[in-house]
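Colleague: I would like to learn how to read the features of a model like this one. Please give me the general idea each time, then the case at hand.

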Amino acid sequence: FMGAVQESTDLLILEQKLDKRTSYYKYIKTKLDFVEFNPLDDNALVKWLTARAHELGGELSPGNARYLLERAGLDQYLLSNELDKLLAHNP
């Protein structure tokens, strides 16, 4: 059925662990415009938080970014919301 899908259709597959041995994985990897998004690790999240704060007109040191990670966890969406709250209070 994958060959019959319109080119303008986006396919989103949510898997805890994607089995790269399956035929559907091999098909989408070779035949489609495939992008895999993996969760960021601690260090990447610290860099992302500091860069995001700068983009939004604020400042966040790497130490404070780590503190935020310890308090809020590794969920990037939640971290984005917490950063928005912090910058709204005191950029």
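Modeller: Begin with exposure: a residue is buried under 20% relative accessible area, exposed over 50%, and partly exposed in between, with a 1.4 Å probe and protein chains only. The areas come from the Shrake-Rupley method, and for residues only the protein chains shown count as cover. Glu-82, at 23% relative accessibility, therefore counts as partly exposed. This is a predicted model, in which local features need pLDDT of at least 70 and side-chain atom pairs count only at pLDDT 80 or more, while totals for chains, interfaces and linings use all residues. Residues are numbered from 1 along each chain as its sequence is written, and side-chain values use heavy atoms, leaving out hydrogens and water.

Colleague: Which residue forms a salt bridge with Glu-55?

Modeller: Side chains of opposite charge can pair when their charged atoms come close. The rule for a salt bridge is a side-chain nitrogen of Lys or Arg within 4 Å of a carboxyl oxygen of Asp or Glu. Glu-55 pairs with Arg-52, with the closest N and O atoms 3.1 Å apart. Both residues lie in helix H2, 3 residues apart, about one turn of the helix. Helices here are DSSP runs (H or I, at least four residues), numbered from the N terminus. Glu-55 is exposed at 59%, whereas Arg-52 is partly exposed at 26%.

Colleague: How many salt bridges does the rule give?

Modeller: The count is 3. One of them joins the side chains of Lys-85 and Glu-82, at 2.9 Å from N to O. That pair lies in helix H4, again 3 residues apart, about one turn of the helix. Another links Arg-21 with Asp-19 at 3.0 Å, N to O. Arg-21 is exposed, with a relative accessible area of 68%, and Asp-19 is partly exposed at 31%.

Colleague: Which residues make up the largest nonpolar core?

Modeller: A nonpolar core is a set of buried Ala, Val, Leu, Ile, Met, Phe, Trp, Tyr and Cys residues joined through side-chain atoms within 4.5 Å. The largest one here has 12 residues: Leu-45, Val-46, Leu-49, Ala-53, Leu-60, Ala-65, Leu-68, Leu-69, Ala-72, Leu-79, Leu-83 and Leu-87. Helices H2 (42-55), H3 (62-72) and H4 (76-89) each supply at least two residues of this core. For contacts, meaning heavy atoms within 4.5 Å, take Ala-65: leaving aside residues up to four places away in sequence, Ala-65 touches Val-46, Leu-49, Thr-50 and Leu-60.

Colleague: Why is the pair of Tyr-25 and Phe-34 called edge-to-face?

Modeller: Rings of Phe, Tyr and Trp (its six-membered ring) pair if their centres lie within 6.5 Å; planes under 30 degrees apart are stacked, over 60 edge-to-face, and the rest tilted. The structure holds 1 aromatic pair. The ring centres of Tyr-25 and Phe-34 are 5.6 Å apart and the planes meet at 85 degrees, so the pair is edge-to-face. Tyr-25 is buried at 7%, but Phe-34 is partly exposed at 24%.

Colleague: Which residues make the nonpolar surface patch?

Modeller: Patches take residues with over 30% relative accessible area and no salt bridge; like charges are joined within 9 Å, and nonpolar side chains (Val, Leu, Ile, Met, Phe, Trp, Tyr) within 5 Å. Leu-11, Ile-13 and Tyr-24 make a nonpolar patch of about 270 Å². Tyr-24 sits in helix H1 (residues 23-31) and is partly exposed at 35%.

Notes: Areas by Shrake-Rupley, 256 points an atom, 1.4 Å probe, with all protein chains shown as cover.
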